[in-house]
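Colleague: Could you walk me through one part of this model closely, and then show me what lies around it? I would like the packing described contact by contact.

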Amino acid sequence: MTDLTQARSLTELDPRTKKRNAAEKRFRAYGVSAIAIGVVFLVILLWNIISAGLPAYTQTSLKLDVALTQEEVDKAESAVVKTTRYRKMIEAAMVAALQDQGIENPFSKSRDLVRMLSTGAPATLRDAVLADPSLVGQTSQFEFFMSSRADGYMKGRVTREDLARDKNLTPLHLDVIDRLVDAGMVERGFNWNFIFGVDASEARPEQAGMGASILGSFYMMMVVLMAAVPIGVATAIYLEEFAPQNWFTDLIEINISNLAAVPSIVFGILGIAAFIQFGGGVMGIAGFKQSVPLVGGLVLSLMTLPTIIIATRASLKAVPPSIRDAALGLGASKTQAVFHHVLPLALPGILTGTIIGLAQALGETAPLLLIGMIGLVATSYPEGFVSGFTEPNSAMPAQIYQWATRADPAFYERAWGGIIILLVFLLSMNIIAIILRRRFERRW
Amino acid sequence: MSASTLFLVIAVIAIVGFFVGRHRALATADGSIRRLHSLPQYYGSHVAVLSFAPAVLVLAVWSIAQPLVIGGSVQSQILPSDIPEGRDISLVMTEVRTLADGLSLAVSSGDMTAAEADNAQTFIGDLRDRLGALGVALGGDVRPSVLAAAQSYRSATATGDLIRTVLVLALAGGAFLFAFRQIAPDFRARNTVERAVRVILIGCASIAILTTVGIVLSLIFNTIQFFKLYPWQDFLFGTTWSPSFQGASELGILPLLWGTLYISFVALAVAVPIGLFAAVYLSEYATPRVRAIAKPALEVLAGIPTIVYGLFALLTVGPFLLAAFGEDGVLGVNWMQGGTAVMTAGLVMGIMLIPFVSSLSDDIINSVPQAMRDGSLGLGATKSETIKTVVLPAALPGIVGAILLAASRAIGETMIVVFGAGAAARLDLNPFEAMTTVTAKIVSQLTGDGDFNSPEALVAFALGMTLFIMTLGLNVLALRIVRKYREQYE
């Protein structure tokens with residue numbers, strides 16, 4: 001009872017209370033900082049993606065007047081390697097252009113001069129000639145992509161020091177490029193080729209684009225939509241509305257919750273063994289081979305199935321029993337009550353779940369690596385609608401993976417740029433899902 | 001008829017059946033719907049379902065069984081000497097099938113007469129070039145025993161296809177007639193159709209089971225195949241991982257398991273404290289407005305595809321750590337040799353797992369009854385004391401479950417470790433050293449050529465099996481804990 005003898009004002013805190021209050025404050029601060037760390041990581045990640053990826057959307061190109069004569073085009077077309085002659089034409093045009101502008105040409109061999117252009121430039125010229133034969137016999141202006149290093153110099157990625165050890169480009173090239181910029185012949189413009197173009201070989205990062213892989217992803221999403229959505233919704237309807245309480249129902253439920261947690265790469269193994277090895281090999285089904293969107297789509301379907309089932313069940317559960325009771329009371333059969341009344345009311349929720357499942361499938365990479373969506377340079381668009389499903393193609397994440405594993409740092413820029421496209425797709429899908437939920441979700 | 005044409009024919013029969021059935025029902029009731037037991041479209045659907053389902057089922061089973069049966073019987077015709085050294089017979093069977101298909105193609109495109117194709121033995125030397133002109137690529141020159149096998153494969157397939165066509169069409173037609181004759185005003189068409197709908201629903205629900213069975217079978221078959229070529233003791237207890245496609249590889253799983261567990265540990269060490277504190281703050285302290293902003297912001301982290309995290313690890317976090325801990329680093333400690341390391345992968349994976357831990361724990365903390373908090377606060381405890389001594393202990397089993405789920409995620413994560421962890425398999429304690437994981441090695445062993453018969457490729461299936469068992473065990477345990485905990489408070 002000694003405490004009572006020490007008189008103390010109630011407004012003055014004793015040391016123990018001070019300590020407890022301090023502990024309280026500290027604890028709160030931990031919580032705030034945990035959230036802050038999470039948000040900071042998010043900001044760093046997004047900033048990193050945008051700053052590293054945006055340069056992929058511009059491309060430096062050179063405007064060059066090339067004189068095309070009938071004689072030279074004929075010679076080129078009759079040669080075995082057709083682009084060699086076209087390269088010579090570009091070389092000549094470039095030497096002439098430098099003379100016109102009064103820029104000193106430091107190279108004795110004109111072949112060294114054109115190293116600042118993409119190695120695909122002759123093919124660009126040839127394609128233009130083949131597409132429009134009327135160009136032959138006159139001088140017209142073409143735009144050629146600069147090589148990835150020259151492009152990198154313009155974007156500040158490549159410095160003169162970097163080039164000291166480079167075989168493809170020398171600081172002398174950069175001097176010429178600086179003069180060409182002053183002359184207005186070299187410009188950076190928006191790179192539509194990156195969005196709509198196809199992948200290019202390892203030597204030409206400047207010409208690589210996402211187009212074919214976007215289409216590949218699109219076909220895979222169609223497969224997911226046609227396979228996973230009906231099966232997933234049917235499963236959810238059965239489990240939620242019809243299934244009796246027995247071992248079979250339990251088995252299905254256990255399987256679904258386990259499938260939801262199986263690592264995605266295991267689905268890739270399933271794709272190799274069940275679809276490619278067994279379906280394509282032993283059974284001889286024509287469409288089941290490596291790198292085909294059909295197989296990729298089926299693997300992703302199996303992977304997304306649990307997501308769709310769980311979302312559908314939740315939205316079926318949200319429909320109040322009174323709806324069912326009313327339908328049954330008016331003489332509808334159980335099946336009629338479900339299909340005519342419950343399902344339409346649950347549709348917005350099902351749609352939202354489906355979109356989220358699709359978004360998850362769109363970004364998934366690991367299973368696609370195993371079924372061979374990489375190691376293939378997707379240099380062409382599929383011909384026709386059906387071959388989109390059965391011809392080897394890439395997919396957005398697989399394309400990004402492939403670029404990230406190539407040696408030239410110019411491909412890293414492409415990989416980040418590809419991520420921006422992928423995230424834009426994911427973001428718009430999620431926004432659509434949120435809007436659907438806001439507009440149509442009913443609270444009972 | 002090919003399987004797809006047959007399917008289309010059956011579909012047409014079914015569609016016709018729908019309209020005929022509906023018409024017939026109305027006709028038997030003299031046009032008055034009230035005399036019918038069910039609505040007219042149910043009679044139509046009855047005919048459609050009955051003529052469609054059995055025929056398609058037989059078609060599917062037949063199409064799956066036929067190549068297996070014929071393939072098995074034809075295999076015996078191939079001479080053992082014609083199987084290349086070290087290769088599987090399945091490779092020769094692929095050749096047999098390609099050859100048989102090529103001959104059929106040649107006949108259908110008019111390049112060969114049917115008699116010519118049947119006597120292809122007479123011009124076996126030219127066969128490869130003739131088929132090559134049609135776009136059928138054969139690996140090498142055609143050997144006599146392979147051609148003989150292909151011929152019997154072709155004739156057996158032709159017979160099989162004919163029987164299939166007849167059988168399926170007879171079944172569809174017969175069922176159509178049967179269902180058509182069943183139609184009468186008091187026939188309970190709705191009930192039969194609804195039963196069919198129920199069967200379809202059950203069939204769809206069984207796909208989940210089939211998928212699991214498929215995963216297990218595809219892992220087991222190839223794993224057994226692997227253990228025939230490589231002793232299982234060396235796989236499970238070997239401490240060296242050095243695959244080489246020239247042979248003499250050492251495929252011990254221990255370094256991979258060590259790398260996997262080490263990286264997962266680092267990831268959890270990052271994700272669990274941050275995720276848990278975030279969850280506590282969001283559910284106990286945050287005002288609704290803060291919660292409405294912070295919770296979705298954290299969940300965005302969960303929606304970003306893992307390949308993005310992989311690239312982030314490779315190109316941003318790795319170089320950053322190297323600049324701090326590497327040679328000539330800011331900290332002056334030379335611990336790190338390259339950008340890829342356990343720390344790089346673990347850190348990035350931890351970021352990825354933050355929302356996973358926080359949203360699961362958030363749910364669990366929210367389900368602790370309010371009365372328990374009120375009791376503690378009423379006795380004079382501060383908010384943090386209440387959380388530490390009442391809420392968290394009550395929620396502990398659920399939180400442990402959440403951590404186990406996060407661990408299973410970390411173990412199964414692929415893209416981050418492919419980019420961030422490195423390729424060298426090592427048993428080392430230094431977290432700044434490059435190590436590799438089970439998932440990364442599955443990717444590197446299976447993305448080569450399409451040959452699945454060497455132990456170096458088959459080992460991926462054994463690794464997948466290990467991964468599957470580990471994650472399955474963790475998930476079952478976690479779900480059990482979480483469920484038990486939920487029951488406690490419900």
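Is the crossing of H10(A) and H15(A) left-handed or right-handed?

Modeller: Happy to! The crossing of H10(A) and H15(A) is right-handed (left-handed is when the near helix is turned anticlockwise from the far one by less than a right angle, right-handed when clockwise). Bear in mind that this is a predicted model, in which local features need pLDDT of at least 70 and side-chain atom pairs count only at pLDDT 80 or more, while totals for chains, interfaces and linings use all residues. Residues are numbered from 1 along each chain as written, and chains are lettered from A and ligands numbered from 1 in the order written.

Now the pair itself. H10 of chain A covers residues 211-242 and H15 of chain A covers 334-363 (helices, H or I of at least four residues, and strands, E of at least two, are DSSP runs numbered from the N terminus). Their axes are 10 Å apart and meet at an angle of about 140° (axes are lines fitted to C-alpha atoms, for helices over the stretch in contact, with angles from 0 to 180 degrees between N-to-C directions). That angle makes H10(A) oblique to H15(A) (under 35 degrees is roughly parallel, over 145 roughly antiparallel, 65 to 115 roughly perpendicular, the rest oblique).

Which residues make the contact? From H10(A) come A:Ser217, A:Met221, A:Val224, A:Ala228, A:Val229, A:Val233, A:Ile237 and A:Glu241. H15(A) answers with A:Val338, A:Ile350, A:Thr354, A:Gly357, A:Leu358, A:Ala361 and A:Leu362 (contact means C-beta atoms, placed from the backbone, within 7 Å). By class, this contact of H10(A) with H15(A) has eleven nonpolar, three polar and one charged (Ala, Val, Leu, Ile, Met, Phe, Trp, Tyr, Cys and Pro are nonpolar, Asp, Glu, Lys and Arg charged, the others, Gly among them, polar).

Stepping back, chain A is divided into domain 1, residues 55-190, and domain 2, residues 211-440 (bounds from an automatic or database domain assignment). The C-alpha centres of domain 1 and domain 2 of chain A are separated by 45 Å. Five residues from domain 1 of chain A and six from domain 2 of chain A form the contact between them. On the domain 1 side of chain A, the touching residues are three nonpolar and two polar, with no charged ones.

Chain A also has another helix pair to set beside the one you asked about. H4 (82-101) and H6 (121-131) of chain A pack at an angle of about 100°, with their axes 8 Å apart. H4(A) and H6(A) are therefore roughly perpendicular to each other. A:Lys82, A:Thr83, A:Tyr86, A:Arg87, A:Met89 and A:Ile90 of H4(A) meet A:Ala121, A:Pro122, A:Ala123, A:Leu125 and A:Arg126 of H6(A). Seven nonpolar, one polar and three charged residues make up this contact of H4(A) with H6(A).

There is a sheet in chain A too: an open one of three strands in the order E2-E1-E3, paired antiparallel (pairing requires at least two DSSP bridges). E2 (139-145) and E3 (186-190) of chain A are the edge strands, each with a single partner, so one side of each has no neighbour in the sheet. From one strand to the next, the twist averages 40°. E1(A), residues 58-67, pairs with E2(A) over seven bridges and with E3(A) over five bridges. In E2(A), A:Gln141 is the bridge partner of A:Asp65, and A:Glu143 is that of A:Lys63. In E3(A), A:Val186 stands opposite A:Leu62.

The crossing of H2(A) and H9(B) is left-handed. Among the residues in this contact are A:Tyr30, A:Ile35 and A:Ile37 of H2(A), and B:Phe277 and B:Tyr281 of H9(B). The contact of H2(A) with H9(B) divides into eleven nonpolar, two polar and one charged.

Methods: Two residues are in contact if their C-beta atoms, placed from the backbone, lie within 7 Å.
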